[in-house]
Amino acid sequence: MVEHGDIRVVHCGGSKINFRDPVITHDSRFLLCASGEAVKVFSTSTEECIHELRGHTGLVTGVLLRPSNHLQVYSSSLDGTLRLWDFTDGILIKTCVIGYPIYSFYASDKHENVIFIVASMPKRFQLVAVHLPQSGDQMVEAQELSAVLSGVNPNPAAIAFGRGGEFIASVNDLQLEVYFFKKQKSYRFFLKEDNKKGGWNTFTCVACHPKDDCIATGHEDGKIRLWRNFNHKKEYTYSTLHWHHSTVSSLCFTPEGTNLLSGGVESVLVQWRYNQESERDFLPRLGGAITHITVSPDGSLFCTSHSDNKITIIQSCVKVSAVIQGLVKGDSIRTDLMMDPRSKALVLNGKPGHLQFYSLQRDKLLYNLDIVQQEYIHESGLQQFEVVKAAFDASGSWLATVEERHQKAAELELNLKLWAFDEQTQSFVLNTTISAPHDAQITAMCFCQPTDSQTTLLVSTSKDGHFKAWQLAAPAHTEGPSWLCDFVSAYHGLVPECCSFSADGSLLAVVFQEVVTVWSPSTWELLTTLSQPPGAVSDLCFGRLSCSKYLLGTTASNLLCWNLLTCSLEWTTSMDVRRLVADPLSENMAAFCYQSGSTDLFVFKPSEPRPLFSHKAVCSGKVTQAVFAPREEMLESCEESSQWLNRSQLYFLTQQMDLMTFTTKAEEDRLLASSKQLVIDDSVAMTPFYLLLGKHRQQQQEHQDSDSSLWAERTALPQTSASMKELLQTPAHVLPSTSYLCSMFVQSLLISVSDARSAHAEEEMESEKEEEDSEEEMESSRSKPELAAAAATESDTPALTKAQARELRRVRKLDHSWLAGLLDS
Amino acid sequence: MASFKPTKIQVYPKLGEKVTQDTLYWKNYKAPVQIKEFGAVTSIDFSPVTPHNFAVTAFTRIHIYGPFSQEPVKSFTRFKDTAYCGRFRSDGQLLVAGCEDSVVRLFDVSGKVALRLFKGHTKAVHLTDFTSDRYQILTGSDDYTCRLWDIPNATELTTYTEHTDYIRCGVTSKLNRDLFITGSYDHTVKLFDARVEKSVITMDHGQPVESVLLYPSEGLLVSAGGRHVKVWDLLKGGQPLVSLKNHHKTVTSLALSSNGQRLLSASLDRHVKVYNTTNYKVVHNFDYAASILSLGLAPDDASIVVGMTNSILSIKHRKNQEDSKEIAGQQRRRPSYRVFVKGKNYVPKQDDYLVSKPVKEHLAKYDKQLQRFNVSKALDTALGTYIRFRKPEITVAVIKELDRRGTLKNALAGRDERGLSQLLNFIIGNLVDARFTPVLVTAAEMILDIYQSVIGQSPVVDRQLLRLQDLVKREIEFQKDLLEVLGMLDTMFASSLPRKESASASAPTVDPFPTCSLNTDS
């Protein structure tokens, strides 16, 4: 078994974007947020990611606009560096090495060149002021460190600057500490551990009013306290606001200080009027629990991060204007990884009660499908409906989902839902709900595979010992077709664990612990039983294409392969296979084996004794979910070791819920090349549409330039230029109207002086009036064209008359104004 | 920002028969008109010509009724004894009837006195009919013979003595003047051809034949006798096609709906069943008060006439299309067209700027209260009189939703005597409904937990708790019985099924009765 160096395991699916609070730039056009080891720059209007600021080698723990230059941004990371970026161009300006892992950092206007960081000194966390060295170097090391507060909370929400940096407020546990920089003095206020009503007084977050001496603190019991007069040890006061029923996770004042925003587990954004706290506005049902709230510097945009890896951009507390949604990684993925055959999207558990469709090609979340269709109650300790199983049929026109809710000891609520794909809305529409399809939990579910057969069949196996076949019944008298139970069976009272259809749908294999039973779905006859004790079979796979005579099963210690023609065991090998997946487009199978703390991957054909590919220690921990995703276009790799990646790509989910995949070197190079192509210098969001139009705009400019210089310099004809070609190849629907382009196009084809002139003359007549309007302007700019004209006459055409020269001048003037108009538009 | 998702009201499968096109068609009859006759009504025959009067033979009389009158338009009373089988000729002018005194009488429909008397049978004549050439009469009698008579000179033409028991039914071919079919108590149905003077086909029905019927195409023959209705293919020499056994008493009469698509059979078990003639499945069923002896169906199914042993004649007329429409129109009271359509039919012009107004979602009252977390109020709303009685599934859905939200206890607590007794009433009324049991058991347990301390303070509530206890006890007994029956059935199935050594692909043994485990310690 050779390690293959050219196939690498890479992360995909992006990182958490809700880890730290996002930052909105001064012009409200961009949103910056920490995401894994990079900072992502999103456009607030189009939700597209524009840049990724890459360079940190550790988790990025904070993003902050530079107070003295609002076009630059600081980022901090656990790798112990602060980096300064120009986010419009995505350029790293400076790196400052601190030396300690930074957990959060702060800056304010009043403290120039000082950054306050929270770092883990020995024993406890400390707030440290760092004086940034003033040098022009790319890489500097910060030497001047001075501790401000010790024993602070590493959570960035626990520290805030007040009144533009006059004081700093820090909360930790049951203590509020306010430090005044001028007086160099700190005041501490304590709350009792537990008050009468059984609430929890622990501080969770703090925010300071930008103008007033007022500190707002959030608490675990849902209360918000507004502290005033805190520059006296004894005479401080506070008032309490209570709306949230559980922990307040984020507080934020608007820039003018008129409103206070708060959010928590309830996923309701509450806007309190400052000084009129009885008046409040609500924005409910934003999604997952709110983790961070930020306001743009002009106060026009609010932005909330949610626990379901989502950032919502809200226009001044009335309307959600944009949603940036990352891949939702819940605590556990109960459904397997699946591919939607239609959209080629990866499907898995998303938000509670939803399935998410994640496009792997675009690395973007497509949509969430609401499976449970019930109001989600944000309350801890409440048993919610969970989507536990899902399956697609081969054509992607049917989706089956199972949701369950474990209430108390015995009661189990179970729903089997079948969704039909609706061509018109391009989404799944609920067709049938079967409540309590089985008496106990459903262990596996699969659709009959063949695409050509008219009847779709769904088989579900359950812990109650039965497996059931469901079939689409003929249209009833009043409603459309719906699903009905077609067949129920059991085998010696054993619990069926998994089921699988053969590729042509003629066989159904159901595993009853140690026994694999093979059924014929057309007659529901038990054809044969296969068994290889000891150990219950946990995973089952039919071979495909030329290997369709093989049936593979895994037990805790063995990988087994049966030959279905002879009904005997073909081969067996001893390995602890946790997950066995079959490539739908080839004979290949991938087995993830767990061995001494890490997972190995073997790719093999059931008919061949040697594995095609093996990779030791793919990741640490177990891999229980994996899927082969068919590629859009086939790769043409001839190397034996990477041939298995030609048709489909293998994705898997590690124990830490990271989505990983395998890529080859060649593929990476190709991707890199294409990404370089996409780099554009404008700051507008980079959409495919923009790419086309932007290019076109440049072409137009080039046209103009070439046009204006054409007759003067008598250069070669531009008819074979690349820009022309591109113009002609661009799809018609993204081009400006033909009438608009035509004149330019005609111009570009003209050759001689006289021709060009006559063409321009026409235009001149049309825009005579315009010219008159801008008479003065012409006067002022006369000197320049004269010069140019003089140069022109000198070089080629000394025979020009004076009248002609004036006309020329006019033409050129015209041309330029037109161009300017174009540019402005 | 997603919108509030309303409480999901579970749709339960409708119990009882499904509504099909057939049930709609056969239910579209008015309330029956009941007429008391002098004795058991043994025969009903519709006149083939408009206005489709029908002759009803009961005891010693034959009454002729018009299509709409409830009084006979004509009656023939000159029988010495019980009359049988009054039948119209194909032109509707003549009527023939047999009699207990063995004399067959021929009447002019407009006259009173018999035109001809056919004497020759020795026993009661139960079968009379005209042949298709209209000049001959077929009779069948309890003396085991059937005869053909010439009408003009009232003479007997032929006698067939092949049957060995009473001849009680028969029919002549409408297409061929020489063919006729008789059914007898000797279990046989015989097809005779007058040209060869003996039976051509003999079919064994298996039971005494009470009625025979020919399809309009005359390719198929239907015979009824005992509990069976059998269909025979005459073109294949009398091969049996289908045997239907849907009645549990003797089938006495048969009829075909006018388009030949449906077959009706009437029986002593008081039912009339309607079969689809393509697959011979029962598509509808009528119930009557007494055993049915005769059945008649007017052309175009305009009326169904049934004669019973308790001498009642029941006539059901078909509802008019206009009538049914009118009633439907009255029931639906809509705002006047002008109000309803105001502004809705405005088509925007090309340059108009459309301001799209967000569609306001309608939420039910309990949903609005749930949205505001007013759990007690939501439960109160769901327990309102209309919802509680007419749509208990809504109440149950709200209780379920509250349970899901973990606030059911709060919603149930803090009720006064009236509120509590209302709640208990609902639970007592619906607890044993299998659809609602799982949800209501939880609620009932919670109520008992919450109100344990106040038991004994209100006689009303105490009485209801006792009722609940009683109900649960009875239900448990009932479930036990059912489980016993299920066990018995299982043993029977197990012993009757052939043993298969490998698999036990048995019929689904899903327990349809969720056991209800509720301990009432009140």
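Tutor: We will go through the labels and set each value against its definition.

Tutor: This is a predicted model, in which local features need pLDDT of at least 70, side-chain atom pairs count only at pLDDT 80 or more, and totals for chains, interfaces and linings use all residues. Residues are numbered from 1 along each chain as its sequence is written, chains are lettered from A and ligands numbered from 1 in the order in which they are written, and side-chain values use heavy atoms, with hydrogens and water left out.

Student: Why does B:T277 count as buried?

Tutor: Buried means under 20% relative accessible area, exposed over 50%, partly exposed in between (1.4 Å probe, protein chains only). B:T277 has 12% relative accessibility, so B:T277 counts as buried. B:T277 sits in the loop between strand 24 (271-276) and strand 25 (282-287) of chain B. Strands (E, at least two residues) and helices (H or I, at least four) are DSSP runs, numbered from the N terminus.

Student: What does the side chain of B:T277 reach at 3.1 Å?

Tutor: The backbone oxygen of B:G260. The backbone oxygen of B:Q261 lies 2.7 Å from a polar atom of the B:T277 side chain. A polar contact is a pair of N or O atoms within 3.5 Å; within protein, one must be able to donate a hydrogen and the other to accept it, and residues adjacent in sequence count only if both atoms are side-chain atoms.

Student: What makes B:K400 and A:E413 a salt bridge?

Tutor: The term requires a side-chain nitrogen of Lys or Arg within 4 Å of a carboxyl oxygen of Asp or Glu. For B:K400 and A:E413, the closest N and O atoms are 3.7 Å apart, and the pair forms a salt bridge. Between chain A and chain B the count is 2 salt bridges. There are also 6 residue pairs in polar contact, both residues at pLDDT 80 or more.

Student: How many residues does each chain bring to the contact?

Tutor: Chain A brings 32 residues and chain B brings 24 residues. Contact means heavy atoms within 4.5 Å.

Student: How do you know that the length of helix 9 of chain B agrees with its residue count?

Tutor: The expected span is 1.5 Å times one less than the number of residues. Helix 9 (residues 417-430) of chain B has 14 residues and should span 20 Å; its end C-alpha atoms are 20 Å apart, so the two agree. Buried residues in helix 9 of chain B include B:L420, B:L424 and B:I427. Their cover includes helix 10 (437-450) and helix 11 (459-496) of chain B.
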